[in-house]
Amino acid sequence: MSEEAKDEVVSEQPEVQAEATAEAPAPDGTVAETQSPHKGFLGKVDNWFGITKSKSSYKAEIIAGLTTFMAMVYILIVNPSIFVYADGVTIPGLSFDAMYIATSLGAIVGTMLMALLAKMPLAQASGMGVNAFVVYNLVGGGLTYANAMVFTLLDGVIFILLTVTGLRKYIFTAIPDEVKKAINVGLGLFIAFIGLQNAGVIVNSDSTLVGLVSFNMLKLKDLFNPSFLVTFNNGTVGGMLPAFVAIAGVTATAIMTKKKIKGAILWGILGSTVLFYILAGFGCIGAGDPVLGAMATNGEACKAIFNNITISNPFTAFASWGTESAGKVFYEGFDFSHYLGIEGNNAGSLVVLLITSALSLCMLDMFDTLGTLYGACTKGGLLDENGNPKNMNRCMLADAIATTTGAIAGTSTVTTFVESSAGVAAGGKTGFTALVTGLCFVVAMFLSPLAKLIPSAATATALIWVGVLMMSTVTKIEWTDPAQALPAFLTLAVMSFGYEISYGIGIGIISSVVVRVCTGKIKSVSIVTWIIAAFFLATFLLTH
């Protein structure tokens, strides 16, 4: 039979072609790529992203993209709040609206690069932790907002050079195996801890630093205590309401996952959002009633949730961004007269600040990204034959370019978000997931008031559940071997309890080197590992 005749036979059996999901050997012994069951434009998009080849589908990728977006959309509210409303630090002339657009642009560029350059189901935005470092350490240390953006820009340029030369990948491969395995578990605990805090399940405690929120219905006076009230900036109220919603949401997510319902995480977020507003409305009805009011913590706080929902013109935010943030890194960033004008500061202290701050930013950004890449890709089966994330260099290049772009837009370091794990857990396997997330950020940029409608109690359900899923890697650590157990434990303990991804990795690497040297295995420590350990040690001793 001729090749043309074969093609005709195949074309007459679309149902067979549509069902094919595995790769089949070609006549020459190579493996042919799985073709999309879709025709026309959808088929081309499918083949370009490799959706069918990855044994995924448009539906799964869209759900995953929406899940990732809903799990990390809080950054559009939190990042501007840190820059504008930080305690003890004020940035003159910088508004929430300007930072909202800057944060959105950073997320859009970073996530689209992940989609189109790296073709991975990962999303990016201004990193938590790094943003606080910029505000409290740099701006709080006497630098201007524009000066801080210079540091961010240099951070991105350095990482572009490291990625292009391949050095960044070598750095990742030099991380001890036991630390790599612990990263996934540590990230899971870290994510879950964020979720539990966002939902108010875990609260501050003077004696133990952290504690469990009270569900005691008999202590009505405590449920009405003003200390439980939180402004609507974080989309929730304190006390029993958000905690109950989060626990109910994550339980429902587990049940749906057990029943193999597609998009369980997304449905968990949506369901929790509905439940949150229903209970808040119930709390409004019960305002003033000692029993009904207690069910929702505080009736007046519940009323405030609805009273603070406003719809304003989103284009006013773009105007603020254009005058307050856009390009300030270039026309104001290299002017350090404000810092030098502070009593006690001089050129020498400026040089020390430049070196130590640059070191901290580089270490925070690099290992936050590497840790997130490994953790998310491990859970999603997105590792290559060497155990490294697929398209790793492109992922890191996307991260570096996004950081430089973000600095120009006016936001802190853009990095791969740990919440990407929520989308991966929901079934995302290709860059189409990131494309959906990126498009959501484009829409959200024009709908800044609506972004506040998703309460943190709802997004917390995704974070807690992802933490549950990522715990499975703990069984791969050789706990019976002290040489591996200690570095692994310190890594996940510092990441979760210390609230620091990069420092957790640093502690793990340093302890691994020390253990190997003291047990006669110094030859197993590579030169790159020595250098990384030395850099982390310098970071701890000079900057942390």
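Helices here are DSSP runs of H or I at least four residues long, numbered from the N terminus, and V135 has its place in one of them, helix α7. Welcome to a quick tour of this structure, which is a predicted model. The protein holds 26 helices and 4 strands, and 51% of its 544 residues count as buried.

**Overall picture**

- Take the contacts between residues at least 6 apart in sequence: 76% of them join residues at least 24 apart.
- The protein exposes about 23,700 Å², and carbon and sulfur atoms supply 66% of that area.

**Helix α7 and V135**

- Helix α7 covers residues 130-139, and because 7 of its 10 residues are buried, the helix is largely enclosed by the rest of the structure.
- The buried residues of α7 are V130, N131, F133, V134, V135, L138 and V139.
- V135 has a relative accessible area of 0%, so this residue is buried; the cut-off for that label is under 20%.
- Although V135 and S412 are 277 residues apart along the chain, 9.1 Å separates their C-alpha atoms.

**How α8 meets α20**

- A friendly reminder before the helix pairs: two packed helices are described by the angle between their axes and the distance between the axes.
- Helix α8 (residues 145-164) and helix α20 (residues 392-409) have axes that come within 8 Å and cross at roughly 160°.
- Angles over 145 degrees count as roughly antiparallel, and α8 and α20 are therefore roughly antiparallel to each other.
- The crossing of these two helices, α8 and α20, is left-handed.
- On the α8 side, the contact uses M149, T152, L153, D155, G156, V157, F159, I160, T163 and V164; on the α20 side, the partners are N393, M396, L397, A400, I401, T403, T404, A407 and I408.
- Sorted by class, the residues of the α8 contact with α20 comprise 12 nonpolar, 6 polar and 1 charged.

**How α6 meets α20**

- Helix α6 (residues 96-118) also packs with α20, at an angle of about 155° and with the axes 9 Å apart.
- That angle makes α6 roughly antiparallel to α20.
- The crossing of α6 and α20 is right-handed, whereas that of α8 and α20 is left-handed.
- From α6, the contact draws on A102, L105, V109, G110, L113, M114, L117 and A118; from α20, it draws on R394, C395, L397, A398, I401, A402, T405 and A409.
- This contact of α6 with α20 has 13 nonpolar, 2 polar and 1 charged residues.
- L397 and I401 of α20 take part in the contact with α6, and L397 and I401 are also listed in the contact with α8.

**How α6 meets α16**

- The axes of α6 and helix α16 (residues 315-324) come within 7 Å and cross at roughly 90°.
- Since 65 to 115 degrees counts as roughly perpendicular, α6 and α16 are therefore roughly perpendicular to each other.
- D97, A98, I101, A102 and L105 are the α6 residues here, and they meet T316, A317, F318, S320, W321 and E324 of α16.

**The loop between α19 and α20**

- P389 lies in the loop between α19 (347-379) and α20.
- With 2% relative accessibility, P389 counts as buried.
- Setting aside neighbours within four places in sequence, P389 is in contact with F172, L373, Y374, C377, L382, L383 and D384.
- P389 and A376 sit 13 residues apart in sequence, and their C-alpha atoms are 8.9 Å apart in space.
- N391 also has its place in the loop between α19 and α20, and its relative accessible area of 39% makes N391 partly exposed.

**Positive phi values to check by eye**

- As background, most residues other than glycine have a negative phi.
- N391 is not a glycine, yet its phi is positive, about 50°.
- K55 is not a glycine either, and its phi is positive too, about 60°.
- K55 is found in the loop between α3 (40-49) and α4 (58-72), and with a relative accessible area of 59% K55 is exposed.

Definitions and conventions
Residues numbered from 1 in each chain as written. Predicted model: local features only at pLDDT ≥ 70, side-chain atom pairs only at ≥ 80, totals over all residues. Heavy atoms only, no water. Buried < 20%, exposed > 50% of the residue type's maximum accessible area, 1.4 Å probe, protein only. Contact = heavy atoms within 4.5 Å. Areas by Shrake-Rupley, 256 points an atom, 1.4 Å probe, with all protein chains shown as cover. Axes fitted to C-alpha atoms, helices over the stretch in contact; angles between N-to-C directions. Parallel < 35°, antiparallel > 145°, perpendicular 65-115°, else oblique. Left-handed = near helix turned anticlockwise from the far one by under 90°. Nonpolar A, V, L, I, M, F, W, Y, C, P; charged D, E, K, R; others polar.
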